[in-house]
Amino acid sequence: MAKTRPGISGTKPKQGKKDLDSYTIRGTNKVVRVGDCVLMRPSDTGKPPYVARVEKIEADSRNNVKVRVRWYYRPEESLGGRRQFHGAKELFLSDHYDVQSAHTIEGKCIVHSFKNYTKLEDVGAQDYYCRFEYKAATGAFTPDRVAVYCKCEMPYNPDDLMVQCEGCKDWYHPACVDMTIEEAKMLDHFVCSECSEDDLKRSQNGFHPSPVSDVKVDAKRRKR
């Protein structure tokens, strides 16, 4: 069984319910519509709010509003737990659905695609990202494989600064190439141990030169 979140779960349809186009969050002027991502109040006040995508909004004959939601899980809530490459704002879109009182909605948020998140100039408190779908009962992820980088062969964590080799174009964590973060931030260019400076010069001055990007240090990401 998937984990139980606070509120009403698995409620059967009742007579007299009507679908709503939107819901205004109590005490605010923020309007929630189907497809929006929202922050929902946890039963344990010491925990961060749950994140969910609204699938349906409906009201009963007494005008009690409920929302059918699809939950996002944080890495620490998954069977595998949080790992080194999981970012602070990373979420997994689960196959876990619930029906909750609309009054548990605290605010709205944005769950970006991984690609769009990495392009953000500034990451706000309500910005999250998702690159995996997650089956809550089995702990399986889709996709089950993603690109890996560096000597450590880890997926990209957008919270971590990485440097790009001008030769092979691979990205490296400063610590994995015996460098501090401060030293990495001061680099004008970087060549990994597998690509010598001489080989790089030959590739640049040869018959078919390859242009090299001006930006070699990826200062992503700023911490929220």
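The model is predicted: local features need pLDDT of at least 70, side-chain atom pairs count only at pLDDT 80 or more, and totals for chains, interfaces and linings use all residues. Residues are numbered from 1 along each chain as its sequence is written, and side-chain values use heavy atoms, with hydrogens and water left out.

**Fold and confidence**

- The protein chain has three helices and 13 strands; helices (H or I, at least four residues) and strands (E, at least two) are DSSP runs numbered from the N terminus.
- Mean pLDDT, the predictor's confidence in each residue from 0 to 100, is 84 for the protein chain, and 80% of its residues reach 70 or more.
- Over residues 202–224 pLDDT stays under 50, and the model has 56 contacts beyond four places in sequence for this stretch; contact means heavy atoms within 4.5 Å.
- Where pLDDT is low, the predicted coordinates should not be read in detail.
- Of the contacts in the protein chain with a separation of 6 or more, 60% join residues 24 or more positions apart.

**Burial and cores**

- Of the 224 residues in the protein chain, 39% are buried, meaning under 20% relative accessible area (1.4 Å probe, protein chains only).
- The largest nonpolar core has 23 residues, and Val 38, Met 40, Val 67, Trp 71 and Ile 105 have the most contacts inside it. Such a core is a set of buried Ala, Val, Leu, Ile, Met, Phe, Trp, Tyr and Cys residues joined through side-chain atoms within 4.5 Å.
- At least two residues of this core come from each of strand 4 (37–40), strand 5 (50–59), strand 6 (65–73) and strand 9 (127–134).

**Phe 114**

- Phe 114 is in helix 1 (residues 114–118).
- Not counting residues up to four places away in sequence, Phe 114 touches Tyr 129, Cys 130, Arg 131, Tyr 156 and Pro 158.
- Glu 90 is 24 residues from Phe 114 in sequence and 8.8 Å away in space, C-alpha to C-alpha.

**Pocket**

- The largest pocket holds about 270 Å³ of space. On a 1 Å grid over the protein atoms alone, a pocket is an open set of points with protein on both sides within 12 Å along at least five of seven lines, and lining residues have an atom within 4 Å of a point.
- Grid points are joined across faces, edges and corners, and a volume is the space filled by probe spheres set on the points.
- The pocket is lined by 17 residues, of which Arg 83, Phe 85, Phe 132, Phe 141 and Asp 144 are the closest to its centre.

**Cavity**

- One cavity of 30 Å³ or more is found in the whole structure; a cavity is a set of grid points where a 1.4 Å probe fits but cannot get out.
- Gln 84, Phe 85, Met 154, Pro 155, Asn 157, Asp 160 and His 173 line the largest cavity.

Key: Buried < 20%, exposed > 50% of the residue type's maximum accessible area, 1.4 Å probe, protein only.
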